[in-house]
Every structure is written in structure tokens, then in C-alpha cells.
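Have the model open while you read, and jump to each spot as it comes up.

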Amino acid sequence: MVRLLLNGTPVDAPEGATLLQALRAHGLNVPTLCHDARMQPASACRLCEVEVDGQERPLCACATPVAEGMSVHTHGEALEGYRKGLIEMLARRYPGEIPALDPDHPFHRLLLHYQVPATGPWVPSKLDESHPYLRLDMNRCVDCYRCVHICEEVQGHSIWKVVGRGAEAHVEPGDAGRLLDSPCVSCGACADTCPTGAIQDWARYRHGTPITWTRSVCSYCGTGCELEIGSTSDRLVDIRPAQDAPVNRGHLCVKGRFGLGFNDAEDRVTSPMVRRGGEWEAVTWDEALDEAAALLLRVKEAHGPTAIGVLGSSRGTNEEAFLTQKLARVGLGTGNVDCCARVCHAPSAAGLGLALGTGAATNSFADIDLAALVMVVGANPTENHPIVGLRIKHRALKGMPLIVIDPRRTELAELATVHLRPRPGTNIPLFQALAHVIVNEGLYDHPFVAARTEGFEAYLASLQEWAPERAAATCGVDADDIRKAARLYATTGPAYMCNGLGVTEQVQGSDGILALVHLALLTGNLGKPGSGVNPLRGQNNVQGCAQMGCEPKRLTGYQPYDQVIAKHEALWGPLPPPGLDLLEMLDAAGEGRLRAMLVFGYDLYLTTANAHRTAAALAQLEGMVVVDLFMTETAKAFGTVFLPAASTFEKEGTFMNGERRVQRVRAAIAPRGQSRSDLDILLELAKRLGVGDQFQYHSPEDVWNEVRKLWTAVAGVAYHRLEHPGGLQWPCPDELHPGTSILHAKTFPVGDRAQFRPIAFHPSAEVVDEAFPFLLNTGRSLQHFNAGTMTVRTENTKLTRDDVLELNPADAAALGVLDDEEVTVESHHGAFQAHAHLTDRVRPGEPFGIFHSAKAFVNRAMGPGRDPKTHTPEFKRTAVRIRKMVQA
């Protein structure tokens, strides 16, 4: 610590802190206009100048580091007069009526404090109301350039430009004219930082500053960004990033920042409903719950508990997921319980588990900042996990080597040192070839392999068939590029690896993850900062939902059944054996063995591959109870009871992000209409199923405390410890433990040595031919999320379509298709329609379909291919043909 004097008072400040940080930490408010703690000091506005003894001139507090013995004076008469003069210069061209109409902005408060009137004109041509979330009134701009700097330094873009020189210099959104026409990604950081409202959220402009701010966690992807929810009179108004959050560090993406409109969408269902005579009828909660319980008990009595399947929601809380699997096993006696991890990252858990003994991310997002190299495999994080993607992007822009493995030329691929573009479905040959180079060139970490692994010789033998030249022919990747990437990864450490669904949603998804773990083991990139194998989880609590036991062969903590069943039965009584996963449930339904389902927050019909087969199976059910916010495609087609659920803005609990971080979720508003939390619904169902005595919980914390009893890795994660920013990362075995950011530092859950395993390549059955000449890949976009249940009910629909097919211009020319024209995409299994977007991000013959639209219903064209270990569908490779839609 450094000792200094602030206005004569001795204080301590951390070494390396700026004077501004020290002043604010001790309650001294020095004005600023150009400063934002998320950015490097600009020292442009000069308002924060302070007098320092021994210095000839005042110094900018934002850019001056504290020093031992420094004596600082902040509000002398000369300084205050100087500040007033600076503000008067700005006020001469500032519209006079604006401050009184919108007094909450920092600059307006300064005008009031210094008693300076604004006297400038308001020019209509400086107003831009084109964007659905951001209103621009550049009459208000005071040229602080915070928007310019935050866009460059935090978001990694350069949307805002300083145009002109001298007195004519001003800020514009690039060359686009209108903000909506610019490449803006709508993160809202410019509005967050703007001190005048020149760039302002429409919500704030229309409804004013929220009265109440509630800290919680984002309900979109698995990054786990902390945010503050603004509300007024029990209505959602705004969302802003939590400035002190370790995960997102004061930033959000377009979905987390603006995607709240679904909460009050017109078609949200807020009353319980029962289908009678083919039509939905609103009923009381008691009627709906009685009907739901009667269905489940009737099927159990007639066909046995194995005739019932239960699906937990990855959008719910940990506590709700835990009670979902407990209700399935204790209340219904069935082991048929699963969640949407089945169709995304189940192979990540399987592959990591096979080699290391646990299926979770080995490291933390903070390790990106410590890595000497990052390798992104089958993921597009700047769109699908934008906050993580930005961390990687910033490192790459500063010169860090980056390897990207992806068929598409993504934003990160544009920055990559090496970009490998394998044909969809050929990951195994490519990963094996990378290992082949590392081993045969002697680049592997001999001491690590000798001391901390086993099975190396058998694994080594399995590599020999995959020399780079052979892999190149199979994958469509140049052999020299394979060598370059292998050498770079092996010799540039520590190396951080992250993967997405481009690895897992393949017929060899689990083997693909295992092959990536092998690369980390070969190079010693485990158990240390800046390294590891780290799946980028898709939904806000998909990690937690599976971890809580919504998995047929695992119990609480994703612990193997045989290892912990005794502990669970000691608390719960006898449990059923392991049951069916989601895909097996669908198979069983099609065969008449599964008769009823209880589905929480999961549109399985829309999101499961081979939709025609899914529909045929679900049509055989005697009934389905759906718990959701909206009448999903699943509920519309197959639901018989609908129970309206509270959103994550309306309930308490915890989420678990993709780096094993448990964080508090807090209610900002009351549930809409008659909606109830999944937790409340589960307790009511338990009573009606005759097991209410085993569901005596009075709060989410009560539920979490039972989780802590059954899973020692979170025994130390008490609710009171989650009040600080960032929560805690497990393992955290006791309340004195700080949490664990890096796994496998000394040992592995499988023992002292991790396991190398031979891998053989099994090609996909999806093969292009003359009739089906294109190889379709599918995935998400930045502005939308998964099935679109939330984002298509927001203004995000004004930013981009939700039914896009990316098509190479050469393919489009051959087909006679123009940009934004509607096309039909047809496979052996079905067809869908989408709007073509012509781009060279995809190669000829490899279109990419965005799957958010229920109208498009991309999964109608997906086939039956599955990973044999986890049954995860093959979403990433389908042989298709494309034809232009004929206009009527």
C-alpha cells in the first residue's frame, strides 16, 4: 500500500492505483467526462485535474499513479473555476431544453452543479431513431469520445468514428449513416458509457431511470455474465452489466443486454391450461396439477414407472433441476430423466470423463488472459459466447497466436495465425493428424506424459495411420497447415483450448472430445494456468442441470450411480436403476414403451434432430405435461397439461456456468399472471404424487443445502458466500475453501494418471452425391438463441432474420439464387425453407443453416445419426439439395 495525503487527510491506496481510483475509494468526487473504468485513461476532458504538491501544473487524476508521500488537493478555487470554464465551453453548443427533460445524465448533473446554462440549438438532422435499442441524438455529443474508445477497447470493434478536424470534428457510426445499417453488434456499451444521452437506450429514454436495480445472472448462454436488472413498479425497464463481475467485467452482449422483451410478450401463457376435446382450456392451478398428477399416476399404475420420462430445464435454476430429478426418482420411481445437455455437450462430459474422470471444464475464462496461445475448436464464441469470444479476440489483436478449427471463416478465424477448415464430420482424422505430428516430431511433453498418463503406447499406434497427407485428403485441409498448427500448439505454452458443438454434435462427438484431451495431455496443457480443455456450454444452466442429476446414469453432482447410490438412498430411500436418456425415451415412445412425459422448459420437438421421427414417437404418448413460459411447438402438438412457469427474472436460486461457477439468481419482479416457479410446481406435484413429506423445503436455499449434503464438491458453497461478485467455483469442499479455478493440478479423479485411449475413425453415413450435393452444417447466430423461444419475442428480430441459410456466392450463382431470396433445403429425411444469405464465410458446397426459427424448423431435415456413446444427434453434417422457391 501507498500512503498519501488527500486534502490533508492521510490515506492508503493500492500500489499501481491511479489518483482517481484513490479519490473515489475515499469518497472524494472529482468530475470526469471522458473516463470509464473499463477503458484506458484518455485524459481528454481535463475535468479531473488535481493539484499535487511539487508539481508545476495540475495533473489528470485518471492517468496519474499514486506515489508515496504525495499530497493532493482536489477542489481549490482555481481548480473549480477551471472546471466551470471547461463546462461553459461545452454548454454553449449544447441544446438548452435537454438537461431539464433528462436530468439523470452525468453531464446534466455537472451543468446543475456548476450552475451553467446550456444555450445551443437542437438540429433535427442529428437525430437517428433507426435502431430498435439505441436512440442517437448527436446534438448532445460533447466529444468525450467515450463511445469511440469503449467500442474499440471493450467490444473490439470500431463502429464509432471521429470525422472531420478541429472544430468540425464529430462522432458518427462509421460510414453507414444510420446506426442500424452499420456493423454494430448492439452490445450497448456506448450507451452505458455516454455521459449525455447522445447514445441512449430506448427503454431508458421512454421509461426513465429504473427505481430498483437487482443483481442477477444472464438467462442466455453458459458464460454466466452477472447483470443488474432495472425495474419500476414491478415492470422490467432495463438491464446493465455488473461492473465488478469477474466473468464479464462490466460488459454484455446484445442478448444479455437487451433481450428481455420476451418476459412480457403478448403470447406468454400465464394461466394453467388443460387440453380437452383437442382444445386448450384455462383452468385453476388445482385442476391443472390434479390433472398432471393423475396422468402420471395412471400411467405408472398401468405400465410401470419406466413408462414415464422426465426432462429438466437448462433454463431453470440448480435447485429446480435437483428437485426435477428427485421427483422423477423418488416421486415417480423412474430413472428416465434427462435434459438438453443430451443434444449438445453430453459428448464433452463423456470424452473428458473417459480420460480425466470428470466431464467439466478444466480451467476458467480468466485463463484466456494467461495463455500464450488459444485454440478454438468447432466454436464461434464471438457470436455464441460473445463475452468469452471478446477475451480471445482482444488477446489475438495484441499478437497472441490463435488457432481456429472450423469449416466457416468466423470472426476469430479472420484473426487466426492458422485456420484449419475441415469438412464437416472429419474431426477425428484432423485431430489424430495433429497428434501424429506432435508425437513423430518429438514435440510432446515427455516428462508430463511419463509421470501423469498411461496407455500411451496403444494410443501412439492408433495415430500412425493418420499422417498429415492422409488426413488432408479426408478433411480437405492442407497437410502443411496441419503441421503448422500442431507445431504451434505444441511449442507455444501454456495453450488454452475451448470447444463447441462443432466437435460434439457429430457421430463421433465423444471421440472428438477425447482426441482433444489427448492433445492437451501430449503437450502438458492441463493442471496449470492458461491451459486446459474447456467446453463452451450453450444454455445459462445446462452445466448445472446435468450436474444436479438430470441425467439417467448419474446422480447429484454428475456422480456415477454405483458410487453414490448408497448415500442418496440413505437420505431418500430406495431408488430406481439408471434409466433412459432423451433419445432412448423417444425410441421407447415410438415402440409404445414410454407413455407419458413431464417436460420442464424444453422444446424437444423443435430442437431434436429428425423431427418427423420425433413427432411420430411423441404422438404415441398418452399425455404430456409441459411447464414453460410459452406454448412451444412441443406443447402445441403434444401437450395435454400446461403449467405456466416463472422466468428467471421472477425467481430465486443459483445458476452454474461453463467454468463450474455457482452464482446467485435473484427475483427482480413478481411472476406474471398466475405463473409459478418450477420449484413451487415441483413441490405441489410431489404432494399429489404422495411424496410431499420428502419435499419439505421452504426456500431455494433449503434445496441447495440438500445438494451440499449429497455432493461434497459444493459442500462449501453456502448461500451466504454467494453474495459477493462471481460466486464460487467448485470443487469447494468446505466453507473456508476459496473455490477451485483450475482442475487436475496434481492428480485426476481417475487417479494419478490420465488415460490415453486409441481412437478409430468411423465416417458419417451422410454422404453427398449427385442428388444431394451439399453438406449442410447448422448452428446459432449472434442475435438469436437456440430455439428462439426468447429472442424471437424481442426487438432482436429487427436486427437480423432468424431463418438464414449462409450460401457461398458460387453455389448461389449456379442455383440462380439472389441474396435474401427464399430457398428450400431438402435432405433424405425432410425439408425446410430459409432465406439465403450470400457469403464467402462458407465454402462452396457447405451451406450453414441458422436454426432459431420455428417456422423454418431446420431439424425436419436432420437425420438419425447419433454419437454411439451419448446418443447426441448429428446436427453438423447432413447431405442436402437446395432449390429456389417458386413464387406463386
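1. Let's start with a buried pair. Y459 and F756 are both buried. Bear in mind as you look at them that this is a predicted model.

2. A pair of aromatic rings is described by the distance of the centres and the angle of the planes. How many aromatic pairs does the count come to? The count is 16 aromatic pairs. One of them is Y133 with F258: the ring centres are 4.5 Å apart and the planes sit at 5 degrees, so this pair is stacked. It links distant parts of the chain, with Y133 in the loop between β6 (127-128) and β7 (134-137) and F258 in helix α8 (residues 254-258), 125 residues apart. Y133 and F258 are both buried.

3. Now back to the pair from the first point. Y459 and F756 are stacked too, at 4.7 Å centre to centre with 15 degrees between the planes. Y459 belongs to helix α17 (residues 456-463) and F756 to the loop between β32 (754-755) and β33 (774-779), so the pair ties together parts that are 297 residues apart in sequence.

4. A few other rings deserve a click. Y220, F262, F649 and F785 make up one aromatic cluster. There are also charges over rings: the charged end of R408 sits over the ring of F848, 3.6 Å from its centre. Likewise, R660 has its charged end over the ring of W730, 5.9 Å from the centre of that ring.

5. Next, a sheet. Which order do the strands take? The 5 strands of this open sheet run β2-β1-β5-β3-β4, with mixed pairing. Its edge strands are β2 (9-13) and β4, each of which pairs on one side only.

6. Zooming in on β3, we can look at both neighbours. Strand β3 (residues 49-52) pairs with strand β4 (residues 59-60) in the antiparallel sense over 2 bridges, and E49 has C60 of β4 as its bridge partner. The two strands form a hairpin with 6 residues between them. In the turn, G54 has a positive phi of about 90 degrees.

7. Is α10 enclosed or open to the outside? Of its 14 residues, 14 are buried, so α10 is largely enclosed by the rest of the structure. Just after α10 comes G333, with a positive phi of about 75 degrees.

8. The structure holds 12 cavities of 30 Å³ or more. How much space lies in the largest cavity? About 500 Å³. Its lining has 31 residues, and the closest to the centre are Q539, T607, N786, A787 and F851.

Conventions. Residues numbered from 1 in each chain as written. Predicted model: local features only at pLDDT ≥ 70, side-chain atom pairs only at ≥ 80, totals over all residues. Heavy atoms only, no water. Buried < 20%, exposed > 50% of the residue type's maximum accessible area, 1.4 Å probe, protein only. Helix = DSSP H or I, 4+ residues; strand = E, 2+ residues; numbered from the N terminus. Pairing = 2+ DSSP bridges. Phe/Tyr/Trp six-rings, centres within 6.5 Å; stacked < 30°, edge-to-face > 60°. Lys NZ or Arg CZ within 6 Å of the ring centre and 35° of its normal. 1 Å grid on protein atoms, 1.4 Å probe; cavity = no way out; pocket = protein on both sides within 12 Å on 5 of 7 lines; lining within 4 Å. Points joined across faces, edges and corners; volume = space filled by probe spheres on them.
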